[in-house]
Amino acid sequence: MNTKITEIIKDDFGYPKEHPTFEEIHAKYIEKHEPIEARTLQKNLDQFSKEKILYYVITNNEKRYGLKEGNHSHFICSSCGKVKDVFLEEGAVNMIKEYAGKKISTSARIEKVNISFEGPCFECS
């Protein structure tokens, strides 16, 4: 099932161009393979997220799934909720991490950086 789900996200939704919702993955899985109960598919998506095969971004109160392929940031459309990957140079991310680390050095330590950008996509504006 792992291969079928990752193929759907990559091939049918053109990841990294699109990050499909659960409903979109479920409909495509049934269309291409066989009927599957929603809760079974959700359990699998949750397990793949725990195993770091997949990840999700929450937009407009729904999860949008992507494949765990390298470090990247996200652009999230503030109107429709679509998610696009943004690949930043490692030096830029390290500079932001270092700067933020200095600002909170007396109260916390940064272990991971998540950067997202928001605004209307060209389809919505």
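Asp 85 touches Tyr 15, Pro 16, His 19, Tyr 55, His 72, Ser 73 and His 74, leaving aside residues up to four places away in sequence. This picture comes from a predicted model. Asp 85 itself belongs to strand β4, which covers residues 83-86.

Two of those neighbours deserve a second look. The side chain of His 19 makes a polar contact with the side chain of Asp 85 at 2.9 Å. The side chain of His 74 is joined to that of Asp 85 as well, through a polar contact of 3.4 Å.

What about a partner of opposite charge for Asp 85? The residue is buried and has no salt bridge. Its nearest side chain of opposite charge belongs to Lys 84, 9.7 Å away.

Which side chain makes a polar contact with that of Arg 64? It is the side chain of Thr 59, at 3.5 Å.

The surroundings of Arg 64 draw on several stretches of the chain. Not counting residues up to four places away in sequence, Arg 64 touches His 19, Pro 20, Thr 21 and Glu 24, then Tyr 55, Tyr 56, Val 57 and Thr 59, and finally Cys 80, Gly 81, Lys 82 and Val 83. His 19 and Tyr 55 are among the residues touched by Asp 85 too.

As for pairs of aromatic rings, the structure holds one.

**The chain as a whole**

Stepping back, the chain has four helices and five strands. Read from the N terminus, the elements follow the order α-α-α-β-β-β-β-α-β. Along the principal axes, the C-alpha atoms fill a box of roughly 55 × 35 × 25 Å.

How many of the residues count as buried? The share is 31% of the 125 residues. Among contacts with a separation of 6 or more, 49% are made by residues 24 or more positions apart.

**Salt bridges**

The count of salt bridges comes to ten.

| Pair | Distance |
|---|---|
| Lys 4 and Glu 34 | 3.6 Å |
| Glu 31 and Lys 28 | 3.4 Å |
| Glu 98 and Lys 102 | 3.6 Å |

The side chains of Lys 4 and Glu 34 meet in the salt bridge at 3.6 Å. Lys 4 lies in helix α1 (residues 2-12) and Glu 34 in the loop between α2 (22-32) and α3 (38-50), so this pair ties together parts that are 30 residues apart in sequence. Both ends are partly exposed: Lys 4 has a relative accessible area of 29%, and Glu 34 has one of 34%.

Glu 31 counts as exposed, at 59% relative accessibility.

Helix α4 (residues 90-103) holds the pair of Glu 98 and Lys 102, which are four residues apart, or about one turn of the helix. Glu 98 and Lys 102 are both exposed.

**Two loop residues with positive phi**

Finally, a look at the backbone. Lys 52 is not a glycine, yet its phi is positive, at about 65 degrees. This lysine is found in the loop between α3 and β1 (54-59). Is Lys 52 buried or exposed? With a relative accessible area of 56%, Lys 52 is exposed.

Asn 61 is another residue other than glycine with a positive phi, in this case near 60 degrees. Where is Asn 61 placed? Its place is in the loop between β1 and β2 (62-67). Asn 61 is exposed, with a relative accessible area of 79%.

Notes
Residues numbered from 1 in each chain as written. Predicted model: local features only at pLDDT ≥ 70, side-chain atom pairs only at ≥ 80, totals over all residues. Heavy atoms only, no water. Buried < 20%, exposed > 50% of the residue type's maximum accessible area, 1.4 Å probe, protein only. Lys, Arg positive; Asp, Glu negative; His and termini not counted. Salt bridge = Lys/Arg side-chain N within 4 Å of Asp/Glu carboxyl O. Polar contact = N/O pair within 3.5 Å; in protein donor to acceptor, adjacent residues only side chain to side chain. Contact = heavy atoms within 4.5 Å. Phe/Tyr/Trp six-rings, centres within 6.5 Å; stacked < 30°, edge-to-face > 60°.
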